[in-house]
Amino acid sequence: MLTPFDDEYFMRKALEEAEAAYTKGEIPVGVVVVINDRIIARGHNLTETLNDVTAHAEMQAITAAANFLGGKYLIDCTMYVTLEPCQMCAGALYWSQLSKLVFAAEDQQRGYRKNGVKLHPKTQVQHGILEEEASALLKRFFIEKRNLN
């Protein structure tokens, strides 16, 4: 059966969240959490807005998804995020027991894999979905940021 709700569809929704972060002057990372082809949580970076180093997109979405589900575990959920999670977010994802993580762009410097952080053993990982679009948005943000300083 053909479904319009594939990985690319949901990653585009995460990119919309990244654009929202971009317009707020936040590092443009966006995320959606999905269960049974339904988005149950959205988030984007809010570290500058909230003056909170823990206000990453993933952390916002984990909290929102857990509230929606009425429990702390994200079993049977998939998180789509535009940038590879950092070690803090990967730690939170580990404890949430997320079933699947899909990220667009790799973070060669601060990504969880670079730092040797592990996700929950049952978490499936896929990456590279809309990687070019996510990377281009991040690059544009940092180029503009450098030109302002």
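How are helix 2 and helix 3 oriented relative to each other, roughly parallel or roughly antiparallel? In this predicted model, local features were considered at pLDDT of at least 70 and side-chain atom pairs at pLDDT 80 or more, whereas totals for chains, interfaces and linings use all residues. Residues are numbered from 1 along each chain as its sequence is written, and side-chain values use heavy atoms, with hydrogens and water left out.

Helix 2 (residues 57-69) and helix 3 (residues 87-96) pack at an angle of about 20°, their axes lying 9 Å apart; helices (H or I, at least four residues) and strands (E, at least two) are DSSP runs numbered from the N terminus, and axes are lines fitted to C-alpha atoms, for helices over the stretch in contact, with angles running from 0 to 180 degrees between N-to-C directions. Helix 2 and helix 3 are therefore roughly parallel to each other, given that angles under 35 degrees count as roughly parallel, over 145 as roughly antiparallel, 65 to 115 as roughly perpendicular and the rest as oblique. On the side of helix 2, the residues that meet helix 3 are Glu58, Met59 and Ile62, and their counterparts in helix 3 are Met88, Cys89, Ala92, Leu93 and Ser96, where contact means heavy atoms within 4.5 Å. By class, this contact of helix 2 with helix 3 has 6 nonpolar, 1 polar and 1 charged residues (Ala, Val, Leu, Ile, Met, Phe, Trp, Tyr, Cys and Pro count as nonpolar, Asp, Glu, Lys and Arg as charged, and the others, Gly among them, as polar).

A second pair is formed by helix 1 and helix 4, whose axes come within 11 Å and cross at roughly 5°; helix 1 and helix 4 are therefore also roughly parallel to each other. Helix 1 contributes Arg12, Leu15, Ala18, Glu19 and Tyr22 to the contact, and helix 4 contributes Glu133, Ala134, Leu137, Arg140, Phe141 and Glu144. These residues divide into 6 nonpolar, no polar and 5 charged.

The largest nonpolar core holds 36 residues, of which Met11, Val33, Met79, Tyr80 and Leu101 touch the most other members; such a core is a set of buried Ala, Val, Leu, Ile, Met, Phe, Trp, Tyr and Cys residues joined through side-chain atoms within 4.5 Å, with buried meaning under 20% relative accessible area, exposed over 50% and partly exposed in between (1.4 Å probe, protein chains only). Among the elements giving two or more residues to this core are helix 1 (7-23), strand 1 (30-35), strand 3 (78-83), strand 4 (100-105) and helix 4 (131-148). When neighbours within four places in sequence are left aside, the contacts of Met79 include Val31, Val32, Val33, Ile62, Leu93 and Leu101.

Several individual residues are also of note. Phe68, in helix 2, is partly exposed, with a relative accessible area of 43%, and beyond its neighbours within four places in sequence Phe68 is in contact with Arg38 and Ile40. Most residues other than glycine have a negative phi. Asp76, in the loop between helix 2 and strand 3, has a positive phi near 70° and counts as exposed at 57% relative accessibility. Gln97, in the loop between helix 3 and strand 4, has a positive phi near 60° and counts as partly exposed at 26%.
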